[in-house]
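Open the model in your viewer and keep the selection tool at hand. The tour goes from one selection to the next.

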Amino acid sequence: KYPFDRIDIEKSITFGREVHAKAADIIVYKKDKITPYIIVEVKSPSEKKAIDQLKSYLNSEGCEIGVWSNGKERVILYRPYPKEFEDSLSDIPRADQTIDDLFEVKRTWKELSPKFDFVEIVRHMEELALAGSGTNVFEEIFKIIYAKLYDEKLARERREGEEVLFKKYRDPEKTYDVINNQLFKNAIKEWPDTFEPTDRIKLSPDRLNICVPFLEGVRLFEIGQGEYEIIDSAFEYLITEVSKGKKGQYFTPRHVIKMCVKMLNPKDEEFVVDPACGSGGFLLHAMYHVWEILKTDAARKTYAQKYLFGLDFDDNMRRISQALMLIAGDGRHHIFKRDSLDARDWQGPESEDARVGLRPFLTQLENSAESKENQLTFRYLNFDVLLTNPPFAGDNTEIGLLRQYELARKDGGKLRNNVDRHILFIERTLDMIRPG
């Protein structure tokens with residue numbers, strides 16, 4: 001609703017005393033029609049990087065708002081002049097609004113968009129707020145995502161009008177209080193095996209305030225299949241960024257996963273397990289495969305909640321699969337942090353959630369002593385389908401682990417000195433599925 005006499009196009013930019021011919025694509029002026037208020041940079045759809053150029057325009061013109069868009073995505077920078085610090089907004093104010101008005105707008109869950117490019121969201125958060133923050137980028141983004149998931153869950157289930165609280169507030173301290181203390185802390189209680197009870201968001205309120213607008217308009221629950229794959233690829237991007245030098249170590253190529261799932265052809269009432277689930281690729285694609293048969297959202301949700309199980313010992317990878325299955329299962333998952341190779345890892349109180357989750361699949365053995373032992377070790381299970389790409393790295397020389405496996409023994413029954421991990425996984429996986 002800005003009048004045309006407050007809008008200019010291809011306008012030259014002043015840097016100090018110099019006027020550069022380099023033009024800003026669109027400038028919106030304040031009511032005085034002289035002071036730049038919004039600068040818009042538009043790029044071709046193939047362009048990714050141009051935010052630095054926009055920042056320089058904002059600084060040189062003393063302009064408060066900058067918009068960068070390539071037609072598919074957009075970033076809105078906010079510079080509370082005369083601060084040098086860049087901030088971000090989720091929208092531009094209308095002509096009849098102030099920037100302050102944006103912070104007062106209430107949003108409901110139904111107004112959130114299920115279509116978004118998660119990789120670009122993560123990149124922008126990293127570029128504008130997380131790089132140089134001194135924090136673990138993967139950890140902090142994950143905390144923000146879980147706060148967002150909890151807010152959406154609460155909005156739909158308990159809040160009148162489905163109002164969402166996950167948004168940028170005028171005061172960064174308030175944003176931090178809502179996102180960390182009200183949402184993230186309760187997300188830890190809701191999904192207790194994902195974070196430590198004492199965890200908190202370690203970003204400063206100012207930096208968190210920059211990140212929030214990139215996620216506040218998107219809907220994570222009830223997204224389409226394409227968006228799951230986008231989120232999956234964003235997490236893959238994050239992991240490879242965090243573990244530079246190990247690229248490709250964790251992620252089974254998605255076309256290989258799709259081929260394996262087609263070959264095994266899981267059905268809608270078959271229970272699927274991955275004992276080394278990593279980021280959940282096999283479970284996710286088994287889910288897509290079955291979803292092709294199931295036509296209603298309710299049936300798809302039930303399948304995601306009930307039939308897919310995963311185990312992994314790597315914290316970061318497990319969190320990825322947990323987050324993806326939480327989104328697919330509408331707030332529920334069966335992903336557990338356990339060493340599926342070692343029965344000793346199933347004994348303590350910290351493994352209670354995994355024992356409860358997998359107890360229905362315990363095989364009833366003919367020998368009662370063996371059956372009793374099985375209730376402690378969770379060695380023999382009755383899953384219908386098992387899909388996995390177990391870790392291949394490293395020998396196992398630990399006697400306590402090796403003595404649990406037939407394949408760790410020589411023909412005479414004597415224990416070998418070491419056995420490759422993937423050999424043990426062959427025996428372990430066969431024990432996890434029902435005969436036939």
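Which residues lie nearest the centre of the second largest pocket? Select Ala276, Asp312, Asn389, Pro390 and Pro391: these lie nearest its centre, out of 34 lining residues. Keep in mind that this is a predicted model. The volume of the second largest pocket is about 710 Å³.

Next, colour the elements around the second largest pocket. Helix H8 (254-264), helix H9 (281-291), strand S10 (308-312) and helix H15 (421-432) each give at least two residues to its lining. Colour the lining of the second largest pocket by class, and you get 17 nonpolar, 9 polar and 8 charged residues.

Now move to the largest pocket, with a volume of about 820 Å³. Select Arg74, Ser90, Arg107, Pro213 and Gly217, which are the closest to the centre of the largest pocket among its 33 lining residues. Then show strand S5 (74-78), helix H2 (99-104), helix H3 (118-130) and helix H6 (205-216); at least two lining residues of the largest pocket come from each. By class, the lining of the largest pocket holds 14 nonpolar, 5 polar and 14 charged residues.

The last stop is the cysteines. How many disulfides does the count come to? The count is 0 disulfides. Select Cys277, which is in no disulfide: the nearest cysteine sulfur belongs to Cys260 and is 16 Å away. Cys277 counts as buried, at 5% relative accessibility. Finish with Cys63, which is buried with a relative accessible area of 0%.

How values were computed
Residues are numbered from 1 along each chain as its sequence is written. This is a predicted model: local features need pLDDT of at least 70, side-chain atom pairs count only at pLDDT 80 or more; totals for chains, interfaces and linings use all residues. Side-chain values use heavy atoms; hydrogens and water are left out. A disulfide is a pair of cysteine sulfur atoms within 2.5 Å. Buried means under 20% relative accessible area, exposed over 50%, partly exposed in between (1.4 Å probe, protein chains only). On a 1 Å grid over the protein atoms alone, a cavity is a set of points where a 1.4 Å probe fits but cannot get out, and a pocket is an open set with protein on both sides within 12 Å along at least five of seven lines; lining residues have an atom within 4 Å of a point. Grid points are joined across faces, edges and corners, and a volume is the space filled by probe spheres set on the points. Helices (H or I, at least four residues) and strands (E, at least two) are DSSP runs, numbered from the N terminus. Ala, Val, Leu, Ile, Met, Phe, Trp, Tyr, Cys and Pro count as nonpolar, Asp, Glu, Lys and Arg as charged, and the others, Gly among them, as polar.
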